[in-house]
Amino acid sequence: MSARHILTYLVAILPLGLFIGYPLGALLWSSVSTSNEGAVTYTLAFLAEALSSPAYLAVLGVTLVICIATAIISVAIALPMALFVWSRPARYQPIALLVLILPMFMSYIVKIYTMRSLLGLNGFFNQLLLTTGIVDKPTTLFLFNRGSILATFVVLYIPFAALPIYLSLERVPANFVLAGRDLGASYARALKDIVLPLASPGIVAAALFAFILALGDFVTPQMVGGPSGMTFGRIVWSQFGLAFNYSLGAALGIVLLVVTVAALAGSGLASRALTARMGR
Amino acid sequence: MLRAAPKTAGEYVPLVGLRDVAVDYGALRVLQPTDLTIAEGEFLTILGPSGSGKTTILKLIGGFLSPSAGQVSFKAADITGLPPERRPFNTVFQDYALFPHMSVAENVAYSLRVKGASRSERLDEARKALELVGLAGFGDRKVAQLSGGQQQRVALARAIVAKPSLILLDEPLSALDAALRHQMQSFLKSIQRQLGTTFVFVTHDQQEALAMSDRIVVMNVGRIVQIGSPAEIYNDPFNAFVATFIGRNNLLPATPLPEHRDRFTTEIGVVQARSGEAAGVDADCQLAIRPECISVRRRGLELASEQKNRIEGVVREVAFAGTHYGYRVAAGARCTVTLECSGRHNETDGPLSVGEDVEMSFDPQDTRIIRT
């Protein structure tokens, strides 16, 4: 191997090792070690606690439900949006796509505060209910619960779901819908039989994006979730940021990582099965 | 699969009609008000350069486009507003539009699946259609595993499987190489005869149109210029566009000689035209003579037969084209005549070369007067 080859590999692998390999290794190392006044001891106790504590598992369950719901609702809303952009004339598509993903370029914090001002005690929905006389005092129905976390997740992650769906639609030739209709299928039937199966890799990727982004998010649940909106991301953060129990935090982080990797693997299989099934 | 015998010549049953149909894109009128009747069982070709409106007509028949004015009819029914899925027509698209996530058989049987046919019926019909197009046993393959010519046949099988009243073909041969294109031309024609189904074939290739069609519709800049059999279109072009777009032609500006019947003054001298051609022509016009209708000899040699129109000239270009030699000969002050001589003819005195003095002649019967 020449020096140039070695250099090429170094340029490719060094950042990968530095920015992904090292933190991952550090996380693993932290989860199985603890240091007390400089003395390092190795133990599996933290991992055991993260995997066996009923409190943590319960929160993990709730978090998974919220994240799966986020993925499903985000895709359900993003899919028609992406289809709309895709069915515009070619010259309008870039601008329509830009509008679709514009929220991606906005500050995360601004969007969360916007949701708070919509859902809060003096927020838009409460004002609406008060003005129309449906309630006589502001309701806390909208904020500081699991529903408000879900609603905010969906608002935040719709653009991330819409983009991969649009990108996979873009690879479907525009005349396929026409060809389907020519063969007797209605527009909806042609979408179902021809377009959606071909776009299914993008749909699965969209669900995965929304799911994984929601799973690791600890700021949103904190800002709109209140005390009842505890999520797994928040627990991990609290071990690092509040309890300074890095070992338990790392062990919980590993649980989160395993769930993410499992979701990735599962989506790959789902994507292939979906394309094959829908073509029948 | 085999249906009613093809209509015999002369039996003319209107199937699809366009009445005063026009199409506007914004302020741009891409199709001028047009009338066209398509007869049952015919192979009709719509021929024109790009932008002539030929694909627009195909889209109107298929229901992919709504006319800005006028009416589209099928038999006695007005189908102007009917969407494509409710028209008994199927299309072979230019890029085939085969669905990559379905097998060949699933592609072919898709229209039957939409209609709710059972799986066994679908497989059976797909197998028959694939057999007809010469792809027996290809049903389980993936579309991506097929060659361009095979994909073309699958697209055709998919279009015929539901036994439509009419099949629209949108330049289906343009993506194929020349040898395969010729093979597919005769194949398409034989399938059409076998099924007796009406074919509406869109192309910009005049050779394809001449070889395949019962009737040709020649279009230019959003209008139908001429409708006729291939021989009519070739032999009696309506105007200069048809004369030069279908086959090649020498067009010479001509002025009728008032005192002589059928004689015209041109840049190559006075020319005797086909008798009757001058009737009604009193102003400037063009005289058309096909390159293959002109005989040529080295000056001084006897011409094969005594012909009326003799012109002297000098060879400017020689191009060997296999079946014939193509020559460009300067005649008169500013005029260049294109002509073709078969190789056999040249065996006697050998091919001409650039710079040789020649004498050309042509039969008055081969000339046409094009009114401008």
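This is a predicted model: local features need pLDDT of at least 70, side-chain atom pairs count only at pLDDT 80 or more; totals for chains, interfaces and linings use all residues.

How many residues does the contact take from chain B and from chain A? I counted 21 residues from chain B and 22 residues from chain A, where contact means heavy atoms within 4.5 Å. Between them the two chains bury about 2,000 Å², 57% of it on carbon and sulfur atoms. Buried area here is the accessible area (1.4 Å probe) that two parts lose on being put together, summed over both. B:Glu85, B:His101 and B:Arg113 supply 31% of the area that chain B buries against chain A, more than any other three residues.

Residues are numbered from 1 along each chain as its sequence is written, chains are lettered from A and ligands numbered from 1 in the order in which they are written, and side-chain values use heavy atoms, with hydrogens and water left out.

**Chain A**

I looked up the secondary structure next and found 12 helices and two strands. These are DSSP runs numbered from the N terminus, helices being H or I with at least four residues and strands E with at least two. From the N terminus on, the order is α-β-β-α-α-α-α-α-α-α-α-α-α-α. The C-alpha atoms fill a box of roughly 75 × 75 × 35 Å along the principal axes. Of the 280 residues in chain A, 41% are buried; that label means under 20% relative accessible area, with exposed over 50% and partly exposed in between (1.4 Å probe, protein chains only). The accessible surface of chain A is about 15,100 Å², and 74% of it belongs to carbon and sulfur atoms; the areas come from the Shrake-Rupley method with a 1.4 Å probe, and for residues only the protein chains shown count as cover.

Two residues got a closer look. A:Pro94 sits in helix H4 (residues 93-101) of chain A. Is A:Pro94 buried or exposed? A:Pro94 is exposed, because its relative accessible area is 54%.

A:Arg146 belongs to helix H7 (residues 146-170) of chain A and is partly exposed, at 45% relative accessibility. Leaving out residues up to four places away in sequence, A:Arg146 touches A:Val62, A:Ile66 and A:Ser228. A:Ser228 is 82 residues from A:Arg146 along the chain, yet their C-alpha atoms are separated by 7.1 Å.

**Chain B**

Chain B has 10 helices and 20 strands, and its C-alpha trace spans about 80 × 45 × 40 Å along the principal axes. Of its 372 residues, 54% count as buried. The accessible surface comes to about 16,500 Å², 50% of it on carbon and sulfur atoms.

I then checked helix H6 (residues 178-195) of chain B. Its 18 residues should span 26 Å at 1.5 Å a residue, and its end C-alpha atoms are 26 Å apart, which agrees; the expected span is 1.5 Å times one less than the number of residues. Buried residues of H6(B) include B:Met184, B:Phe187, B:Leu188 and B:Ile191. An α-helix has 3.6 residues a turn, so residues three or four places apart point the same way. Among the partners that the buried residues of H6(B) pack against are helix H4 (119-132), helix H5 (148-160) and strand E8 (198-203) of chain B. After H6(B) comes B:Gly196, with a positive phi near 75°.
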